[in-house]
Amino acid sequence: MRPGPSAPRVLIVDDHQLFRAGVRSELEGLVDIAGDAATVDDAVREIESIRPDVVLLDVHMPEGGGVEVIRRAAAEGDPPRFLALSVSDAAEDVIAVIRAGARGYVTKSISGPELADAVRRVNEGDAVFSPKLAGFVLDAFAGGPPAPAATADHDAELDQLTPREREVLRHLARGYMYKEIALRLGISAKTVEAHVSAVLRKLQLSNRHELSRWAVERRLVE
């Protein structure tokens, strides 16, 4: 059975060949399997070559694991969405890969249809977690009390952001949608989304409304 034309294109990244074959078998006909990779270097090359929509990513691999794949893919620009698939349900593993930029984290006990559904949801922009793991993420990213207002020139948090991330943040705070920001900056909507995710991680905020308030407090927008 062939997947429908709207099925997301998926790259499977895991250093165990038998596991990659098993995942491919489970997902066959449910999503479009575009390829697989066994190492960090291979994964980065395949992401650049085939441009998948979603990367199913093992957390523990040599040479930096899933976090390194996400970091290097992001450095190339316009990265795909990442869904971590791991035997580990340790809080530190979940938090590390989500902070790196993954959109979700599920364990390898998941069924084929459930995994295909998770892939589709991540491709549509949702955050997806196995039930036990969602609490780790909520705890890790729970906001504390609002930071005191500071000037843009002397804000240590602002200094974490790249010039492009600041541009995206200013447009977001003015109320522009991702597609509108993309048109104004000459980049793709997925790249805008990647920048917003990076800013959320760096500032430890939860959503665009908190980002907008943060930007206004620091007088980044009129």
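The model is a predicted one, so local features are taken at pLDDT of at least 70 and side-chain atom pairs at pLDDT 80 or more, while totals for chains, interfaces and linings use all residues. Residues are counted from 1 along each chain as its sequence is written, and side-chain values rest on heavy atoms, with hydrogens and water left out.

Start with the sheet. Its 6 strands make an open, parallel arrangement in the order β2-β1-β3-β4-β5-β6. Helices here are DSSP runs of H or I with at least four residues, strands are runs of E with at least two, and both are numbered from the N terminus; two strands pair if DSSP finds at least two bridges between them. β2 and β6 (128-129) sit at the edges with a single partner strand each, so one side of each has no neighbour in the sheet. Further in, β4 and β5 (residues 104-107) run parallel and are joined by 4 bridges; alanine 84 has tyrosine 105 in β5 as its bridge partner.

Now for α1 (residues 17-27): Arg20, Val23 and Leu27 are its buried residues (buried is under 20% relative accessible area, exposed over 50%, partly exposed in between, with a 1.4 Å probe and protein chains only). Viewed down the axis, they fall within an arc of 65 degrees, taken from the directions from the helix axis to the C-beta atoms, so they line one face of the helix. Leu18 and Ser25, on the other side, are exposed. The cover over the buried residues includes β1, β2, β3, β4 and α5, where contact means heavy atoms within 4.5 Å. After α1 comes glycine 29, with a positive phi near 90 degrees.
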